[in-house]
Amino acid sequence: MYEVKVYDSSGNLKKVISISKLNARSKKQLAFPHLFKKNKRRPGRPSAKPLEA
């Protein structure tokens, strides 16, 4: 694994993510995969406003 360089929209370097940070994130993702889901809908909450009759 290599360090990751993050750039903003104008091409300036914003930050560099180190290999140790990436490894820690990888271990955390394996232990708790639900924390990294892209669809984070809460159960019991409606996804949209109910239609009025």
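Student: In which element is Leu 13 found?

Tutor: In this predicted model, Leu 13 is found in strand β2, which covers residues 13–17.

Student: How should I read the exposure of Leu 13: why does it count as partly exposed?

Tutor: Relative accessibility is read against two cut-offs: a residue under 20% is buried, one over 50% is exposed, and values in between are partly exposed. Leu 13 has a relative accessibility of 46%, and therefore counts as partly exposed.

Student: Which residues is Leu 13 in contact with, leaving aside its neighbours within four places in sequence?

Tutor: Contacts are read from distances between heavy atoms, with a limit of 4.5 Å. With those sequence neighbours set aside, Leu 13 is in contact with Lys 5, Val 6 and Tyr 7. The residue range of strand β1 is 4–7.

Student: In which sense do β1 and β2 pair, parallel or antiparallel, and over how many bridges?

Tutor: Strand pairing is read from the bridges between two strands, of which at least two are required. Here β1 and β2 pair in the antiparallel sense, and the pairing extends over four bridges. Within this arrangement, Val 6 stands opposite Lys 15 in β2.

Student: What do β1 and β2 form, and how many residues lie between them?

Tutor: The two strands form a hairpin, with five residues between them. The turn includes Gly 11, whose phi is positive, at about 95 degrees.

Student: Which residues make the nonpolar surface patch?

Tutor: A patch of this kind joins nonpolar side chains within 5 Å of one another, on residues with over 30% relative accessible area. In this structure Tyr 7, Leu 13 and Val 16 make a nonpolar surface patch of about 290 Å². For the protein chain, the accessible surface comes to about 5600 Å², and carbon and sulfur atoms account for 54% of it.

Student: What share of the residues is buried?

Tutor: Of the 53 residues in the protein chain, 2% are buried. As for contacts between residues at least 6 apart in sequence, 0% join residues at least 24 apart.

Student: Where is confidence lowest and where is it highest?

Tutor: Confidence is given for each residue on a scale from 0 to 100. It is lowest in helix α1, at a mean of 93, and highest in β2, at 97. For the protein chain the mean pLDDT is 83, with 72% of residues at 70 or more.

How values were computed:
Residues are numbered from 1 along each chain as its sequence is written. This is a predicted model: local features need pLDDT of at least 70, side-chain atom pairs count only at pLDDT 80 or more; totals for chains, interfaces and linings use all residues. Side-chain values use heavy atoms; hydrogens and water are left out. Buried means under 20% relative accessible area, exposed over 50%, partly exposed in between (1.4 Å probe, protein chains only). Accessible areas come from the Shrake-Rupley method with a 1.4 Å probe; for residues, only the protein chains shown count as cover. Patches are made of residues with over 30% relative accessible area and no salt bridge: like charges are joined within 9 Å, nonpolar side chains (Val, Leu, Ile, Met, Phe, Trp, Tyr) within 5 Å. A salt bridge is a side-chain nitrogen of Lys or Arg within 4 Å of a carboxyl oxygen of Asp or Glu. pLDDT is the predictor's confidence in each residue, from 0 to 100.
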